[in-house]
Amino acid sequence: MPDRFNGHFAKFGWIAYESFDKDTMKEAVILADSGNLDGADNLLVEYYDQDKLHIGLLKMEAVKEFLIRKELALKAKEDYLEGRYHACIPVVLMMIDGIVNDVHEDQKGFFARDVDLTAWNSVAAHSSGLQEISRLFQESRTRTTTEQIKIPYRNGILHGRDLGYANKIVAAKTWATLFAIRDWALAKKVEKEPKKAKKLGISAYENLEQFDKKIESWKPRNINLGEEGLISCNPDIFELHTPEKRLSEFMEYWAKKNYGKMSEIMDPLFCESSSKMAGVIRSQFKEKSLIKYKLLDIEDKAPVFTEITALVTVEENDISSEKRFSAKMIHLDDNGDTALRDNFYGKWKIVNYQFQD
């Protein structure tokens, strides 16, 4: 079915990928077989609705390289749903190129002329998949035109030659490509370390469907800390393998001024060099002595992501004050990639934090 799908649609900018709905894929192929390509095209465009984008972006969080782009992706999603295609299309194209560049072993982007986007045992990364539409999307566009296009021509759009790009068809194809990139990225990680990947629950295609079903069925915890929050001076009161326990450990190290241990709880994305992490943490916390803290809010944002707000009492220059401390927590495996929160090989890390008076 993926081969038949690509045979019909790759030349128009659609390809099959692992997490694409199999029934929709089959229906589109049947329409194309009967000669109704317009009907198939419309079916595929309408597939990318609010629910599909929500689930698709949740699944994207399995790719660590996406997380630093998540805020932009959410803005692009809002623009898409509001019909601001002129705004969302360039952003998604940039995310596609950037993620591929970060994941690719040769640090080549999606639109590099000699980029290799194939991977073993992957639908998206089959030679008739991403490789094919990469060539299509990067076609040279040498004439300025106002005619409506149906292909996300990167050069024509970003260089201001294809002025008729702002439509739902082009936008939907960029989202489809982004979600296919996710499956390619996971396949590349499996290809590099198949034994470790299998251990961590993201092995080959047959396990990817089970992985995606967990994401689709995930629900945030219902956590009520009450009006006074949760007062703690001991991480042992928290349930094992939870982000709140990990943050509490961070607080304990802070109180002891153990900046090395604090830095171990930070995600490497926080700092350009892991070797500099302890120095960065020291510089930001040495003037703030932690006296006490309590958790005010724990919000599970995604299967791999939780935001926690705490009220901390700190002493600076012999003066005590209360501040809000918010931390974004991400669940990573021992290879530094995102892992579902039920994966006990993973560890919670702080990817970002901020103080508020």
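**Notebook: a first look through the fold**

I began with contacts (heavy atoms within 4.5 Å): of those in the protein with a separation of 6 or more, 59% are between residues 24 or more positions apart. I note that this is a predicted model, where local features need pLDDT of at least 70, side-chain atom pairs count only at pLDDT 80 or more, and totals for chains, interfaces and linings use all residues. Residues are numbered from 1 along each chain as its sequence is written, and side-chain values use heavy atoms, with hydrogens and water left out.

**Overall make-up.** I looked up the secondary structure and got 15 helices and seven strands. Helices (H or I, at least four residues) and strands (E, at least two) are DSSP runs, numbered from the N terminus. Next I checked burial, where buried means under 20% relative accessible area, exposed over 50% and partly exposed in between (1.4 Å probe, protein chains only). Of the 357 residues, 52% count as buried.

**Helices α6 and α7.** I picked out α6 (residues 70-81) and α7 (residues 85-103), which pack at an angle of about 150° with their axes 8 Å apart. Axes here are lines fitted to C-alpha atoms, for helices over the stretch in contact, and angles run from 0 to 180 degrees between N-to-C directions. Which residues make the contact? From α6 I listed Leu72, Ala73, Ala76, Asp79 and Tyr80, and from α7 Tyr85, Ala87, Cys88, Val91, Val92 and Met95. I sorted the residues of this contact into ten nonpolar, no polar and one charged. For that sorting, Ala, Val, Leu, Ile, Met, Phe, Trp, Tyr, Cys and Pro count as nonpolar, Asp, Glu, Lys and Arg as charged, and the others, Gly among them, as polar.

**Aromatic rings.** Rings of Phe, Tyr and Trp (its six-membered ring) pair if their centres lie within 6.5 Å; planes under 30 degrees apart count as stacked, over 60 as edge-to-face and the rest as tilted. By this rule I get 23 aromatic pairs. Tyr80 and Tyr85 have ring centres 5.7 Å apart and planes at 65°, so I put them down as edge-to-face. Both Tyr80 and Tyr85 are buried. They also belong to one aromatic cluster, whose members include Phe5, Trp14, Tyr47 and Phe179.

**Charges over rings.** I count a charge as sitting over a ring if NZ of Lys or CZ of Arg is within 6 Å of the ring centre and within 35 degrees of the ring normal. Arg141 lies over the face of Tyr153, at 3.9 Å from the ring centre.

**Helix α8 and Ser134.** How many of the eight residues of α8 (residues 130-137) are buried? Six are, so I call the helix largely enclosed by the rest of the structure. I wrote the buried ones down as Leu130, Gln131, Ile133, Ser134, Leu136 and Phe137. Ser134 has a relative accessible area of 1%. Leaving out residues up to four places away in sequence, Ser134 touches Phe110, Val115 and Leu117.

**Pro303.** I found Pro303 in the loop between β4 (289-302) and β5 (305-316). Is Pro303 buried or exposed? Pro303 is buried, at 3% relative accessible area. Not counting residues up to four places away in sequence, Pro303 touches Leu58, Ile215, Trp218, Leu340 and Arg341. I also checked Ser217, which is 86 residues from Pro303 along the chain; their C-alpha atoms are separated by 9.7 Å.

**Two positive phi values.** Lys257 has phi near 60°, a positive value in a residue other than glycine. I placed Lys257 in the loop between α13 (243-255) and α14 (259-264), and at 40% relative accessibility Lys257 counts as partly exposed. Asp318 is not a glycine, yet its phi is positive at about 65°. Where does Asp318 lie? Asp318 is in the loop between β5 and β6 (319-332), and I have Asp318 down as exposed, with a relative accessible area of 72%.
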